[in-house]
Amino acid sequence: MTSATHSTLFPREPGPGQFPAPPQGADAVLDGLDPEQRAVATALRGPVCVLAGAGTGKTRAITHRIAYGVHAGILHPGSILAVTFTQRAAGEMRGRLRQLGVQGVQARTFHSAALRQLQYFWPKAVGGGLPRLVDRKIAIVADAAAACGIRLDRSELRDATAEIEWSKVTQTVPADYAAAVHAAGRTAPRNPAEISQLYSAYEDLKRQRSVIDFEDVLLLTVAVLQDRHDIADQVRSQYQHFVVDEYQDVSPLQQRLLELWLGDRDDLCVVGDASQTIYSFTGATPDHLLDFRTRHPGATVVKLVRDYRSTPQVVHLANGLLAQASGRAADHRLELISQRDTGPEPQYREYPDEPAEAEGAARRIRDLIASGVPASEIAVLFRTNSQSETYEQALADASVPYQLRGAERFFERPEVREAGAALRGAARFGANDSLLDDAVDLPSQVRAVLSTKNWTPQPPAGSGAVRERWESLAALVRLAEDLTRARPTATLADLVAELDERAGAQHAPTVEGVTLASLHAAKGLEWDAVFLVGVAEGMMPITYARTPAQIEEERRLLYVGVTRARHRLHVSWALARSPGGRPGRNASRFLDGLRPGSTGGGTRTGQLGRGGVEPGSTPDAPAPVAPRRARTPARCRVCRRTLTDAGEMKLMRCDDCPSDMDEGLYTRLHDWRATRAKETGQPEFCVVTDKTLIAIAETIPLDEGSLARIPGVGMRKVRSFGGEVLAICAGQERSPEGDDH
């Protein structure tokens with residue numbers, strides 16, 4: 001996995017378009033840019049709008065623009081504010097500028113830039129210290145709901161919190177919430193009057209506790225700049241030139257802040273792609289990008305369409321998706337032109353059910369790794385996080401290491417924090433440490449230090465927590481190797497400084513494992529091989545996308561997924577959710593006319609093997625069964641609440657509802673799993689997960705069919721050890737040798 005700019009922080013040996021050292025002079029900055037990128041880099045005055053398609057080198061263009069202006073003496077680094085949407089992107093921008101010999105440019109997120117200004121000016125504008133900033137508002141929302149007498153489960157609490165965030169970034173006050181929702185055509189998760197009441201109570205609680213949230217950072221900065229012209233003038237005297245990346249994701253509140261930063265000036269460069277607008281549910285809108293020329297009639301507009309990331313085959317599919325789009329963003333779509341050599345055609349697979357789809361993906365991923373593709377250059381992308389567990393299990397069964405994108409941050413992992421402390425100590429006192437006596441270079445010093453944390457050069461067998469810990473520490477070793485190649489004289493102190501800078505920007509080193517991520521979390525990243533899974537009606541587009549605008553955003557989300565792939569792209573879907581389920585699903589309507597054998601204009605009736613699709617069924621797929629009635633929502637068998645969490649659906653009850661589990665049976669199953677794992681040399685969760693073990697102990701299946709229907713089991717595992725499990729459930733003690741299945 002790499003960022004979408006596909007560069008390392010450290011310059012390697014010079015190649016085409018690379019600098020062995022910072023460029024000498026402004027003209028040298030332009031070397032290696034294509035004509036459109038060069039046009040961006042040299043457009044230094046007045047408003048500039050860069051319409052940049054996926055993979056076209058937008059970060060390269062805008063960082064070279066800044067560097068060219070600085071080296072030419074036209075721009076002063078301290079007068080430039082470049083804003084983007086993630087700490088990682090901001091860190092990547094700073095790293096690029098450093099390679100180009102430019103220091104002192106403020107490259108930050110909107111929130112980071114606003115918070116810095118707010119902290120500086122608060123004593124002058126308001127007096128006293130800035131109220132404490134809360135990392136997570138959901139606890140306060142829960143307290144506000146309790147104060148209002150509104151009962152919310154966990155999912156409803158998340159939805160209500162998202163509504164409050166949307167209200168604030170669209171500058172909607174509680175009293176206006178209901179009208180704003182109606183005007184925006186937005187579907188409120190509850191009665192708008194209740195959300196309005198909850199929103200008002202939430203704001204009251206924050207005031208009582210003297211805390212602010214992330215949206216307040218922007219709102220308060222806007223208020224200070226609007227009310228205090230002397231402060232606004234001071235900010236404007238500091239920053240004269242502005243660059244905004246991912247401009248299609250700007251919210252009305254961020255746009256207002258940008259306007260206040262600018263004042264009556266127009267030295268602004270914005271970069272975006274309306275076809276990658278996928279955050280409208282948070283208040284983002286591409287209108288600011290699409291209306292840029294209306295607001296700035298004399299603006300220079302440059303279109304970047306040369307795709308350096310993906311093969312012609314991947315680009316052809318991406319262009320085809322947008323060719324079927326409608327709406328305002330579609331009217332401004334960019335036709336990408338691949339600059340890469342030809343590659344394999346995208347592969348399409350149809351499976352009988354979701355576990356079979358996951359197993360099929362895991363099997364192909366294992367084959368790719370065996371053929372030499374690094375695990376870190378493979379991703380499985382899905383629509384919702386609830387789809388993750390099935391693929392975690394399938395990859396674990398295939399002994400393929402994986403990492404969850406959007407899970408615990410790299411630098412917050414306990415093993416990384418411990419390793420950082422150890423490296424910091426070695427950097428400070430290493431001269432007196434006999435541990436480093438035999439270490440001849442930086443990588444060997446790092447290996448020696450990590451050996452005190454039980455890290456070894458050889459990875460542990462299998463996957464799971466032990467393997468994930470090993471991979472985290474191995475990433476630090478690879479980082480030391482990269483740094484040494486770039487700077488042969490680098491020391492432990494240099495590495496520690498690099499780690500500190502990366503931690504501040506959340507710019508984690510590459511961990512060697514297949515990435516599992518939602519399509520939203522994959523934005524801004526790219527891989528050699530991408531598996532787009534669950535591309536079926538009801539999931540893509542998602543069932544709650546009903547309006548034409550919502551449907552089109554789902555299409556754009558799939559477009560983002562497709563354009564994450566450099567070389568190989570696999571697209572799959574399942575006809576049913578569970579083994580034996582009614583095969584009533586169809587491939588996504590977005591694929592109509594694009595995949596082999598399909599036609600445009602509506603959804604297909606898809607059957608396994610139809611439409612030129614290579615069948616993706618597995619040898620372990622269950623035998624066909626008679627169609628069942630349409631599936632109803634999964635409900636807790638105790639309180640009857642609708643279940644959405646994958647783990648709860650596996651148990652068929654809420655986590656906090658009472659369990660009727662046979663404790664003795666669970667203990668026997670737990671002991672059996674430990675024995676089985678030891679015999680097969682696998683981590684225990686690769687046999688069956690804890691949730692599956694609990695589900696078996698609660699269900700107490702009596703035959704293979706009922707055992708196979710428990711999520712996380714399936715026919716393959718039934719045939720492998722079903723007899724053992726059923727014997728234990730029946731009160732018998734059977735050894736693996738006694739299993740004749």
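Rings of Phe, Tyr and Trp (for Trp, its six-membered ring) form an aromatic pair if their centres lie within 6.5 Å; planes under 30 degrees apart count as stacked, over 60 as edge-to-face and the rest as tilted. By this rule the structure holds nine aromatic pairs. The structure is a predicted model, in which local features need pLDDT of at least 70 and side-chain atom pairs count only at pLDDT 80 or more, while totals for chains, interfaces and linings use all residues. Residues are numbered from 1 along each chain as its sequence is written, and side-chain values use heavy atoms, with hydrogens and water left out.

**Trp-166 and Tyr-177**
- The ring centres of Trp-166 and Tyr-177 are 6.4 Å apart and the planes stand at 85°, so this pair is edge-to-face.
- Trp-166 belongs to helix H7 (residues 154–169) and Tyr-177 to helix H8 (residues 177–184), so the pair ties together parts 11 residues apart in sequence; helices (H or I, at least four residues) and strands (E, at least two) are DSSP runs, numbered from the N terminus.
- Trp-166 and Tyr-177 are buried (under 20% relative accessible area, with exposed over 50% and partly exposed in between; 1.4 Å probe, protein chains only).

**Phe-242 and Trp-261**
- The rings of Phe-242 and Trp-261 have centres 6.3 Å apart and planes at 10°, so they are stacked.
- Phe-242 is in strand E7 (residues 241–244) and Trp-261 in helix H12 (residues 252–262), so the pair ties together parts 19 residues apart in sequence.
- Phe-242 and Trp-261 are both buried.
- Ring pairs join Phe-242 and Trp-261 with Phe-85 and Phe-110 in a cluster.
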